[in-house]
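Reader: Could you give me a close look at how helices pack in this model, and take me from there to the pocket beside them? I'd like the cut-offs along the way, please.

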Amino acid sequence: MSTKTKSLKGVRDNRIKVAVEVDHNVRVVQPPQEFILQQKPGLEGCPPGHAVGPAQGAVSKFEKTFFTLTVQQAIENGPYDIIIVGTGIGGGVLASDLYETNSELGDSAKSILVIEKGGLVFHTHCLNTSRPEGLSNNRGQQNDTFFALFKDDYNITSPDGTWKGGPIHCVGGRSAAWGLFAPRVHEDTLRRWFPKHVAMQLNDTYFEAAEKLFKLSQPKTEPVHKRLIDDLNESADASFKVNWKWGRIASEFKDERNFDFAEGAYSTIDKLLEIMMSKPYVSADSKERQEHPNFKMLLRTEVRKIQFDSAKRATGVIVKAGDGAEGLLIPLKPDGKVILSAGSVTSPAILMRSDVDLSQTGAGMITDHDILYRALSFVYLNTQDRDKVGSMKLQTHFDMDDSDHQYGLANMSIDASSFLPRTNIVDKNLPQMIMSFILPCPLEKKCSIIMEDDEPKVDIVRTEAYDKTERKRYVKRMRDVTESAVNAIEKNLKVKFIDRDGLKDGCYFSYLELGAVAHELGSLPMPGIGSNTRHAVDESLKLSTGHEGVYVCDLSIFPTSPEANPTLTLAALAIRLSRTLVPRYERRPVDAVDKIVSLAKL
């Protein structure tokens, strides 16, 4: 049988696999064996004919109680104003924000359908729940354990034959197991790469809105912490341009109000479950619930393609149901909108199945930024000080000292959990300082997504954004930043680094494997700056191919791979899209207020 192939390439007809050139200061390593978890097969109990991945499984009573909508019912309840595909950070934040807006609109509320390929696997972020016994011994962050167990795999080719990323098909998507660090993208990166209007709105409004949603928390600062942070900043060379602070975590650690429980680590799951659990009863004496009139969720249903009319306007989505039935059309209203939030691989695949020509849009350049790290062991001169200091996680942007003086992001973990494997250390039971650096890079033109037998296949390589000379400069800068931090830690925490001589090693930093932090992005980019103007979506995130009624809201829309975890930025863009599609009033309309006042006078 012949293989049908569609191609979506960064460089057309020139798919080249290139292993990154590694200079003498950096090496690529595999994680220790204890960090490699075997992927588990799907469980029994799903609807007949439903092909399941690791994130699927038996339909729980909870899911049966609150997620009762079937594909046939979804069709009968249509057409819809808005159909959202996916419930991760992009789709989940968008859906929840639209639901809140709908609550203010009364009879003008939009009809919304949210479609998720997976089922209900987690009820909240995995770090809010029980974790495997014994893993605390290696002080791992452990969300990576859940990610490895429940993720699916892409059909992907990478230089070293491994790819640690992949989707989680469940309510909440990868927001169920993300690492919770939520830094802003540096203003310099926004200025260089993002459309001016988008960057301005992020800085002025939507970063703050996303931070409020995430309930960002910082640990309590004891005097010893303040001394160290002050010295890290004061003793560093001014050219580093560092400003060390606590790493911002998307988690509410505690609630000051009596008898109110902290919400813990953020995931889109929590709000979506609240919405579905609040569905009204059919009657006062009934235990049966009915769907919200204007907000519905459909699980275990895969969107395969978008249907367009002759004018290239979206008229609905074609889905594959959990029972295996295919080719089912869920309709849109004439001016309805489909928002693809299925991820950097699946969203382009849906468009290519829909015969959308992306070849001239710059699509397909799926990119993962470089992360370099080093772990160093230390001991406290007074062992009782370890409990007094506790764990610290700090972050700062820094000047990379490359030719353009771009900013990278440095992450410092001191005797704390980390998503990074602990290699090159003397004793895993000793306290560790792990320093990692995330580097920005433009979208990589040698990467591509093609369709084979109607399914996506990804070819990804490490970025070649920096030449050998620039790599030497930024690696030296990172070593200098690390050396400065080691000096400050030894001085202020009264510790001794066991393997400090390792600072003189030829191979000091290690590359983290591609996909290890699931930041792959840029396959359907918005417009960039300067020569980076080819784009698949416009500044409003609307598809730019001449098709109407289709938007994208996931990591695929990024015009560059930034130096920061992209989750906060994606959440901010999702809120921005929500308020664009359905504007939210800051106060009640005047006529409504007048009616209330008039009634009060009766």
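Author: Helices (H or I, at least four residues) and strands (E, at least two) are DSSP runs numbered from the N terminus. The model is predicted, so local features need pLDDT of at least 70 and side-chain atom pairs pLDDT 80 or more, while totals for chains, interfaces and linings use all residues. Residues are numbered from 1 along each chain as its sequence is written, and side-chain values use heavy atoms, without hydrogens or water.

Let's begin with helix 7 (residues 223–235) and helix 11 (residues 468–493), whose axes come within 9 Å and cross at roughly 145°. In contact terms (heavy atoms within 4.5 Å), helix 7 brings Val-224, Arg-227, Leu-228, Asp-231, Leu-232 and Ser-235, which meet residues of helix 11 including Ala-485, Ala-488 and Ile-489. This contact has 7 nonpolar, 3 polar and 3 charged residues (Ala, Val, Leu, Ile, Met, Phe, Trp, Tyr, Cys and Pro are nonpolar, Asp, Glu, Lys and Arg charged, the others, Gly among them, polar).

Helix 3 and helix 8 pack at about 40°, with axes 9 Å apart. That angle makes helix 3 oblique to helix 8 (under 35 degrees would be roughly parallel, over 145 roughly antiparallel and 65 to 115 roughly perpendicular). Their crossing is left-handed. Thr-268, Lys-271, Leu-272 and Ile-275 make the helix 8 side of the contact, and the helix 3 side includes Ile-89, Gly-92 and Tyr-99.

Lys-271 leads us on to the second largest pocket: among 26 lining residues, Lys-271, Leu-213, Lys-215, Glu-263 and Tyr-266 lie nearest its centre. A pocket is an open set of points on a 1 Å grid over the protein atoms alone, where a 1.4 Å probe fits, with protein on both sides within 12 Å along at least five of seven lines; lining residues have an atom within 4 Å of a point. This one holds about 770 Å³, the space filled by probe spheres on points joined across faces, edges and corners. Helix 8 gives the most to the lining, with 5 residues, and helix 3 is among the elements supplying at least two. By class, the lining has 12 charged, 9 nonpolar and 5 polar residues.

Methods: Axes fitted to C-alpha atoms, helices over the stretch in contact; angles between N-to-C directions. Left-handed = near helix turned anticlockwise from the far one by under 90°.
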